[in-house]
Amino acid sequence: MLVASPSRCSPPDWSRWLTPGVAGPMLAQRAAQHRPEVRLNENFEQARALFVQGVEDFEAGRFDAAEGKFQASLVLVPGRVSTLTNLAATLIKLARSESALGILDQALACAPDDRDAWWQRGIALGDLGRHAEALAAFDHFLGLQPDHGEGWLRHGQTLQHLDRHAHALTSFDKALAIEPSLAPAWTSRGNLLKDLKRLDEAAISFERAIAHGGDAELNRYFLAAVIGQNAPASAPARYVRSLFDAYAQTFDAHLVQVLHYQAHAVLVQNLIGLGGRRYAHALDLGCGTGLCGPLVRPIVAQVDGVDLSPKMVEKARALKVYERLVPSDIEDYLRTTELRYDLILAADVFIYIGDLEPVFSAVAKVMDRGGVFCFSVEIPDSSQDIELKTSLRYGHSEPYVRDLASQHGFEIIKILRHPIREDQQQPIDGLYVYLSRD
């Protein structure tokens, strides 16, 4: 939310402008050197021009350039709330929300009821995972502008993060009462109803999101999960990327400590249990933050990683375990790489891919003879070979996996059943599959 026109905090009076007289411009220029209000006027005009250029850069997605313009404007005219707020919005876009909060503190000290500053503060705190503080910021914003549909949407999403689902639903309903065509609110409402197991109502919300111009691919994916029909071949790539980019900072702690995730450990432990073999070149598909890397490193000479989420890849890079890391769709990487591997592993990755045939085909292309391909899958809740669950994760049956292995020249070494994680304190059963390339 950019501020369209500058506003001042305790400004001097810059309403009067120097008009050169009949003596000519040279005389006026000399006079200006001795008149501080002229210099103030000149600074203000330059600052305003830089501000407008910064807004144009922001709207064009040139966030580094926008930051420079807003900073330069503030040098000329410090303390302008609109410039501070727009600078903060830019820093948020540049994933520097902590710095944005310091800028917003300056703006709110100057203008305690500035709506835009409170709005950006809520967004920055949410990005940092400080959801209780974000809720307070959105409360303040809505107290100033209660008829703001997107404000109630953000309010509801923040309540969801705090597990206050009933209150979140109320906020989404308020958003839609104000703006019935607000497609993201229909989507958020649908996902909340899905989590509450109110699947028929969730389906209606996703349908309305589509009808009001919401992301059709994403909402159809959600809709397929709640009606059990028309599941796409895989989850939308931008959904997975944004999900894990947002999740990157808290991923390990939440997954392991809260969800008791163990797929990485079970997969590698049983791989090591196959014998004393060492591998020359391993590939960690969907490596995430690198949970598998340190576990598999003792039995490989070199390990690479690929993941759709750039922020996950950066977390994995910090481990200094991987030889190379590539932010990419795993199928795209497998189809285009010229490297060969004798070990490929994928822990809890195929939950976002329904049709695994293209993956098996691509793995077979890059795997050395005698290489090992090991992975985990969730077990379907139904008798289907491929099932998109209401959790938005795919399940795959054992017969389906066995058929794919046979079709693509893999020999089954071992398949075992063991929980992958917990969901609502219930274990989610999975298959751990170990294949050898014929």
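**Aromatic pairs, a helix packing and a buried threonine**

Phe-58 and Phe-63 are both buried (under 20% relative accessible area with a 1.4 Å probe, protein chains only; over 50% is exposed, and partly exposed lies in between). The model is predicted: local features need pLDDT of at least 70, side-chain atom pairs count only at pLDDT 80 or more, and totals for chains, interfaces and linings use all residues. Residues are numbered from 1 along each chain as its sequence is written, and side-chain values use heavy atoms, with hydrogens and water left out.

A search of the whole structure returns 16 aromatic pairs. Rings of Phe, Tyr and Trp (its six-membered ring) pair if their centres lie within 6.5 Å; planes under 30 degrees apart count as stacked, over 60 as edge-to-face and the rest as tilted. The ring centres of Phe-58 and Phe-63 are 5.2 Å apart and their planes stand at 75°, so this pair is edge-to-face.

Phe-350 and Phe-373 also form an edge-to-face pair, at 6.5 Å centre to centre and 70° between the planes. This pair links distant parts of the chain, 23 residues apart. Phe-350 lies in the loop between β4 (341-346) and α19 (357-366), and Phe-373 in strand β5 (residues 367-378). Helices (H or I, at least four residues) and strands (E, at least two) are DSSP runs, numbered from the N terminus. Both Phe-350 and Phe-373 are buried.

Phe-410 has a charge over its ring: the charged end of Arg-437 sits 5.5 Å from the ring centre. The charged end of Lys-414 sits over the ring of Tyr-434, 5.5 Å from its centre. The criterion is NZ of Lys or CZ of Arg within 6 Å of the ring centre and within 35 degrees of the ring normal.

Helix α7 (residues 131-144) packs on helix α8 (residues 149-161) at an angle of about 155°, with axes 9 Å apart. The two are therefore roughly antiparallel (over 145 degrees). Contact (heavy atoms within 4.5 Å) involves residues including Leu-135, Phe-138 and Phe-141 of α7. On α8, the contributors include Trp-152, His-155 and Leu-159.

Thr-187 lies in helix α10 (residues 183-195). Thr-187 is buried, with a relative accessible area of 11%. Not counting residues up to four places away in sequence, Thr-187 touches Phe-206, Ala-209, Asn-219 and Phe-222.

Conventions:
Axes are lines fitted to C-alpha atoms, for helices over the stretch in contact, and angles run from 0 to 180 degrees between N-to-C directions. Angles under 35 degrees count as roughly parallel, over 145 as roughly antiparallel, 65 to 115 as roughly perpendicular and the rest as oblique.
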